[in-house]
Amino acid sequence: MIFTHDTVAALGFMAALADTVPEASASGEDELETQAQLAALLDQWIYTGRRDGDARELDEVRAARDRLRHLWLLPRDEAVDEVNAILAEANALPRLVNHDDLGWHIHAVSFDSPLAQRILVEAAMSFVDVIRADGLDRLRECDADDCTGLFVDVSKNGSRRFCSTRCGNRMAVRAYRARANEEGAQPGQPASTRSITRASAASTVRR
Ligand SMILES: [Zn+2]
Ligand SMILES: [Zn+2]
């Protein structure tokens with residue numbers, strides 16, 4: 001594994017939060033507009049600690065979402081500054097904890113801190129791990145031209161290009177149709193498995 005288990009989990013949550021924006025979500029809508037949507041996201045990721053469930057908390061988490069989307073794609077040196085800024089603002093104090101059978105992992109703010117602050121600090125701590133492992137190139141934006149989804153590539157060869165199979169399949173179909181048009185073949189045929197494989201094999205690292 002490239003990163004530790006808690007870093008992978010934190011990055012996964014970070015990407016899921018980031019991908020609630022309309023440009024990246026499955027529905028094409030903002031999927032973090034209501035307190036109920038926030039609660040559902042937290043439940044899905046078994047996010048522990050304080051939850052106020054009020055409008056202010058939702059606003060703060062939405063602001064954290066913007067900040068983390070920005071952090072995700074920063075060049076390394078700028079990411080370092082932003083990570084250090086987040087940790088300093090929160091007076092982060094790293095300590096090892098073990099709760100809910102999650103195994104030993106790091107918390108740098110208390111369970112009682114506001115949700116958005118805990119989300120930001122947890123993300124910053126995962127970036128500490130990623131940057132030390134020189135792994136920022138594994139944090140990517142979807143290659144689909146109509147999607148800004150963020151994802152972590154934990155594959156062995158680092159060849160993942162799309163945020164989801166939804167985007168991978170859509171782009172494979174589009175590439176197939178473009179080729180079919182060029183070759184004068186019948187457009188509109190479904191993409192063969194081979195075209196999907198070929199599309200995902202032509203991988204590039206974005207950073
Ligand atoms: Zn924890
Ligand atoms: Zn995508």
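Select helix 1 and helix 5 (residues 115–132): the two pack at an angle of about 125°, with their axes 9 Å apart. That makes helix 1 oblique to helix 5. Angles under 35 degrees count as roughly parallel, over 145 as roughly antiparallel, 65 to 115 as roughly perpendicular and the rest as oblique. Axes here are lines fitted to C-alpha atoms, for helices over the stretch in contact, and angles run from 0 to 180 degrees between N-to-C directions. Helices (H or I, at least four residues) and strands (E, at least two) are DSSP runs, numbered from the N terminus.

This is a predicted model, in which local features need pLDDT of at least 70, side-chain atom pairs count only at pLDDT 80 or more, and totals for chains, interfaces and linings use all residues. Residues are numbered from 1 along each chain as its sequence is written, while chains are lettered from A and ligands numbered from 1 in the order in which they are written.

**Stay on helix 1 and helix 5**

Look at the crossing. Helix 1 passes helix 5 in a left-handed way. A crossing is left-handed if the near helix is turned anticlockwise from the far one by less than a right angle, and right-handed if clockwise.

Now show the side chains. From helix 1, pick Thr 7, Ala 10, Leu 11 and Met 14. They meet Glu 122, Ala 123, Ser 126, Asp 129 and Val 130 in helix 5. Two residues are in contact if their C-beta atoms, placed from the backbone, lie within 7 Å. The residues of this contact divide into five nonpolar, two polar and two charged. Ala, Val, Leu, Ile, Met, Phe, Trp, Tyr, Cys and Pro count as nonpolar, Asp, Glu, Lys and Arg as charged, and the others, Gly among them, as polar.

**Next, helix 3**

Helix 1 passes helix 3 in a left-handed crossing.

Select Met 14, Leu 17 and Ala 18 in helix 1. Across from them, in helix 3, are Arg 65, Leu 68, Arg 69 and Trp 72. The contact of helix 1 with helix 3 has five nonpolar, no polar and two charged residues. Met 14 takes part here and also in the contact with helix 5.

Move along helix 3 to Leu 58. Leu 58 is buried, because 21 other C-beta atoms lie within 10 Å. A residue is buried if 20 or more other C-beta atoms lie within 10 Å of its own, exposed if 12 or fewer, and partly exposed in between; C-beta atoms are placed from the backbone. Not counting residues up to four places away in sequence, Leu 58 touches Gln 35 and Leu 38. Draw a distance from Leu 58 to Leu 38: their C-alpha atoms are 7.2 Å apart, across 20 residues of chain.

**On to helix 4**

Leu 74 is in the loop between helix 3 (55–72) and helix 4 (76–89). Leu 74 is partly exposed, with 16 other C-beta atoms within 10 Å. Leaving aside neighbours within four places in sequence, Leu 74 is in contact with Ala 79 and Glu 82. The C-alpha atoms of Leu 74 and Leu 136 are separated by 9.2 Å, and the two are 62 residues apart along the chain.

In helix 4, select Ile 86. Is Ile 86 buried or exposed? With 23 other C-beta atoms within 10 Å, Ile 86 is buried. Beyond four places in sequence, Ile 86 touches Leu 120, Val 121 and Ala 124. The C-alpha atoms of Ile 86 and Val 121 are 6.4 Å apart, though 35 residues separate them along the chain.

**Two loop residues with positive phi**

Asn 91 is in the loop between helix 4 and strand 1 (95–97). Its phi is near 50°, a positive value in a residue other than glycine. Asn 91 is exposed, with 11 other C-beta atoms within 10 Å.

Go on to Asp 100, in the loop between strand 1 and strand 2 (105–107). Asp 100 also is not a glycine, and its phi is positive, about 50°. With 7 C-beta neighbours inside 10 Å, Asp 100 counts as exposed.

**Zoom out**

Show the whole protein. There are seven helices and four strands. Along the sequence they follow the pattern α-α-α-α-β-β-α-β-β-α-α. Of the 207 residues, 29% count as buried.

Finally, colour by pLDDT, the predictor's confidence in each residue, from 0 to 100. The mean is 89, and 88% of residues reach 70 or more. Over residues 193–207 the pLDDT is below 50; beyond near neighbours in sequence, this stretch has 19 contacts in the model. Where pLDDT is low, the predicted coordinates should not be read in detail.
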